[in-house]
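Work through the exercises below with the model open beside you. Try each task before reading its solution.

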Amino acid sequence: MQTGDAAVIDPARTAAVVLVGGQGSRLRPLTLSTPKPMLPTAGVPFLAHLLSRIAAAGIRTVVLGTAYRAEVFEDFLGDGASMGLDLTCCPEPEPLGTGGGIRFAADALAPGFDEVVVFNGDILSGVDVRAVVGEHRAAGADATLHLVRVPDPTAFGCVPTDATGRVTAFLEKTLTPPTDQVNAGCYVFRRDVLDAIPAGRPVSVERETFPGLLAAGSRLQGHVESSYWLDLGTPASFVRGSADLVQGAAPTAALPGPVGTALLLPGAKVAASASLTDGTTVGADVQIGEGSRVSGSVLLDGARIGDGVLVERSVIGPGATIGDDTVVTDAVVGDGASIGASCELLAGVRIWPGLAIPDGGLRFSGGA
């Protein structure tokens, strides 16, 4: 395998594009009002964690390719300056797919940027950006893909490589994958290669751009790492990713507090007899009652947790209320919802924003 040293990134030459246009339908109801990359994750929008990694690599110019609720990202642009980043939003006029979205966003970059690093905005990753760029340069590649090895590659784009690291095929979600290496959602493109992606129409980088480059004999390089990697597309992976950030298992420079078993934001009030474990985030002004136990969960701003409540691996939306002695496990409670006492929310239940469930109104067992 080709192995280049970690590259020195010249911020005048290398820029980044972050794709943040998806609707996040698998995360509903959390994404009904907030785009997935802007969901509070370990205390800050997920995008802040990704941008902190981009800044740490030495990149300074970042274009956000937006679509769904683009105005939310516009409000976030000023935060880039605190990270040393120059952020620009580039809202798509119509859905353009991954390849079309990359091309559209990259058009906002000045001509001097001849190397573009692309990130999917819903991937939590420990990718060594400098190492990927270094291998890209050492191989003289037209494009380089960050690849990770996973136990079950059938759910991902599968990318076999030869002994030099050159990509030999690009196979989208196959039941008989020839390798456990999968597309990890981070790419490096030479600018002229990126500019050759057709403009003004939907293009899939996975199904059209990369297979087309292979067919044309272009050099596609695979950079394989065993670093942390998680697709935050489902509630289960979202809460796991947040917990990993809080506990330090996933890298970030944007955590608003020390690494530990729990993260408490300003104004949070936790009863002395309550317990917080496994990377729980307690949002601003959240209240947690006596004897309650919260494990590996995300409690968003203003939520109210009663006495004797058990919350495990769940998301409680902003302003939501959980009544006394209720159990919430592997569930999502939407913004402002009200869950009465002695309820059971289990096994993937999702409560839509504003709904009210009376005391004992939802159970998976007979109860007392």
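Helices (H or I, at least four residues) and strands (E, at least two) are DSSP runs, numbered from the N terminus. The model is predicted: local features need pLDDT of at least 70, side-chain atom pairs count only at pLDDT 80 or more, and totals for chains, interfaces and linings use all residues. Residues are numbered from 1 along each chain as its sequence is written, and side-chain values use heavy atoms, with hydrogens and water left out.

**Exercise 1. Describe the lining of the largest pocket.**

Step 1. On a 1 Å grid over the protein atoms alone, a pocket is an open set of points where a 1.4 Å probe fits, with protein on both sides within 12 Å along at least five of seven lines; lining residues have an atom within 4 Å of a point.

Step 2. Take the volume, the space filled by probe spheres set on the points. For the largest pocket it is about 1100 Å³.

Step 3. List the centre. The pocket has 37 lining residues, and the closest to its centre are Gly22, Thr98, Asn120, Asp122 and Glu206.

Step 4. Assign elements. Helix H3 (97-106), strand S9 (181-190), helix H6 (205-215) and strand S11 (229-231) each give two or more residues to the lining. S9 gives the most, with 4 residues.

Step 5. Sort by class. The lining has 13 nonpolar, 15 polar and 9 charged residues. Gly counts as polar here.

**Exercise 2. Trace the open sheet of 6 strands.**

Step 1. Two strands pair if DSSP finds at least two bridges between them.

Step 2. Read the order: S12-S15-S18-S21-S24-S27, with parallel pairing. The edges are S12 (262-264) and S27 (350-351), and each pairs on one side only.

Step 3. Check one pair. S15 (residues 280-282) and S18 (residues 298-299) run parallel and are joined by 2 bridges. Thr281 has Val298 as its bridge partner in S18.

**Exercise 3. Is helix H1 mostly covered or mostly uncovered?**

Step 1. Buried means under 20% relative accessible area (1.4 Å probe, protein chains only).

Step 2. Count. In H1 (residues 46-56), 9 of 11 residues are buried, so the helix is mostly covered. Among them are Phe46, Leu50 and Ile54.

Step 3. Look past the end. Gly58 follows H1 and has a positive phi, near 105°.

Definitions and conventions:
Buried means under 20% relative accessible area, exposed over 50%, partly exposed in between (1.4 Å probe, protein chains only).
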